[in-house]
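User: I have a structure open here and would like to go through it with you. Can we take it piece by piece?

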Amino acid sequence: MDAFPLALDGYLAADPEPGDREGTASWRLTCSAGTDLLMEEAVIPCTTMEPDIAHAMLTERQPGDLLRVIGHLTLPDTADGVIRLHADTLEVLWEAPTLDADADDTDTATATDADRTSAIAALAEALTGFGHAAPGPGQSIRIHISPTGSLGSGEHCHSFDVSPAMAHRLADYVDAMNCYLDSERPDSVALDPETIADLTELFEDIDLIGLTNAVLNATRPEHRAAITQAMDDMFGDVPAPEETDP
């Protein structure tokens with residue numbers, strides 16, 4: 001079997017494997033050679049009997065590393081044989097970045113926990129004022145907030161006693177917030193036809209002249225000009241003060 005000296009650059013295709021004997025290793029190198037019209041790619045099996053190279057391949061290298069392997073390429077004696085590059089020297093031209101999935105998951109989980117802790121602290125601070133006005137024992141309503149699965153005592157667990165009146169106020173604030181959020185519907189959502197008809201009828205029933213007269217008659221004379229201008233800006237032309245009933 002003939003052997004030819006060769007220096008080959010390529011990317012490590014998979015994790016290297018130990019050889020049959022101690023101090024040996026084998027791996028596959030993905031090599032590309034292209035022209036303007038054709039791009040060819042070949043996977044070349046490599047092996048080494050150099051203990052230092054074998055140790056480096058098995059403990060330091062990872063798939064994706066760009067390597068320069070210098071050694072001797074052996075050609076098979078038969079057509080179905082295997083070409084193999086026996087490495088005498090190894091150079092690392094570029095190291096692939098380490099993909100640490102566990103670290104990424106840990107960072108995400110830490111950020112999520114920090115966000116939840118911050119939200120609990122903000123809510124606890126906002127509810128503290130309600131607890132100051134709680135009545136005596138037997139008449140209060142207790143509110144607990146804590147991380148999921150941690151109800152009870154703990155660094156991020158909080159309890160507040162509020163009066164029924166305060167609980168009603170808190171419920172009103174939540175209802176108002178829900179109404180505000182519900183009002184922020186997407187522009188693409190169309191109103192119900194019946195709702196449009198009801199709104200149209202409501203505005204058609206407004207008597208602008210009667211409304212103007214009522215407002216101006218309830219306004220001191222020296223302020224009527226400013227009120228008229230303001231209503232003009234809002235509704236368009238409205239009757240002048242002298243045109244209204246006394």
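User: What is the mean pLDDT of the protein chain?

Analyst: This is a predicted model. The mean pLDDT of the chain is 76, and 74% of the residues reach 70 or more.

User: Which helix has the lowest mean pLDDT, and which element the highest?

Analyst: Helix α2, residues 101-131, is lowest among the elements with a mean of 70. The highest is α1, at 95.

User: Where does pLDDT stay under 50?

Analyst: Over residues 34-39. The model has four contacts beyond four places in sequence for that stretch. Where pLDDT is low, the predicted coordinates should not be read in detail.

User: On to the core. How many residues are in the largest nonpolar one?

Analyst: The largest nonpolar core has 14 residues. Those with the most contacts inside it are Leu8, Trp27, Leu29, Met57, Leu67, Val69 and Leu85. Two or more residues each come from β1 (3-12), β3 (25-34), β4 (39-48), α1 (51-59), β5 (66-74) and β6 (84-94). Another core, of five residues, lies apart from it and includes Ile120, Ala124, Leu127 and Phe160.

User: And Met57, what is it in contact with?

Analyst: Beyond four places in sequence, Met57 contacts Leu12, Pro16, Trp27, Leu67 and Leu90.

User: Which residues of α1 are buried?

Analyst: Ile53, Ala54, Ala56 and Met57 are buried in α1. Viewed down the helix axis, the buried residues of α1 fall within an arc of 165°, so they line one face of the helix. The face turned away from that buried side carries the exposed residues Asp52 and Thr59.

User: Is Cys46 buried or exposed?

Analyst: Cys46 is buried, with a relative accessible area of 1%. Cys31 also counts as buried, at 9% relative accessibility.

User: Now Thr24. Where is it found?

Analyst: Thr24 is in the loop between β2 (17-18) and β3. With a relative accessible area of 12%, Thr24 is buried. Its side chain reaches the backbone oxygen of Arg21 at 2.5 Å.

User: What else is Thr24 in contact with, leaving aside neighbours within four places?

Analyst: Pro18, Gly19, Thr48, Met49, Ala54 and Leu58. Of these, Ala54 is one of the buried residues of α1.

User: What about Gln62, where is its place?

Analyst: In the loop between α1 and β5. Gln62 counts as partly exposed, because its relative accessibility is 23%. The C-alpha atoms of Gln62 and Asp15 are 6.0 Å apart, although 47 residues separate the two along the chain. Beyond four places in sequence, Gln62 contacts Leu12, Ala96, Pro97 and Thr98.

User: Last one: which strand does Arg142 lie in?

Analyst: Strand β7, residues 141-145. Arg142 counts as exposed, at 52% relative accessibility. Outside its four-place neighbourhood in sequence, Arg142 touches Ser159, Phe160 and Asp161. For Ser159, 17 residues away along the chain, the C-alpha separation from Arg142 is 6.7 Å.

Definitions and conventions: Residues are numbered from 1 along each chain as its sequence is written. This is a predicted model: local features need pLDDT of at least 70, side-chain atom pairs count only at pLDDT 80 or more; totals for chains, interfaces and linings use all residues. Side-chain values use heavy atoms; hydrogens and water are left out. A nonpolar core is a set of buried Ala, Val, Leu, Ile, Met, Phe, Trp, Tyr and Cys residues joined through side-chain atoms within 4.5 Å. Buried means under 20% relative accessible area, exposed over 50%, partly exposed in between (1.4 Å probe, protein chains only). Helices (H or I, at least four residues) and strands (E, at least two) are DSSP runs, numbered from the N terminus. Contact means heavy atoms within 4.5 Å. pLDDT is the predictor's confidence in each residue, from 0 to 100. The arc is that of the directions from the helix axis to the C-beta atoms. A polar contact is a pair of N or O atoms within 3.5 Å; within protein, one must be able to donate a hydrogen and the other to accept it, and residues adjacent in sequence count only if both atoms are side-chain atoms.
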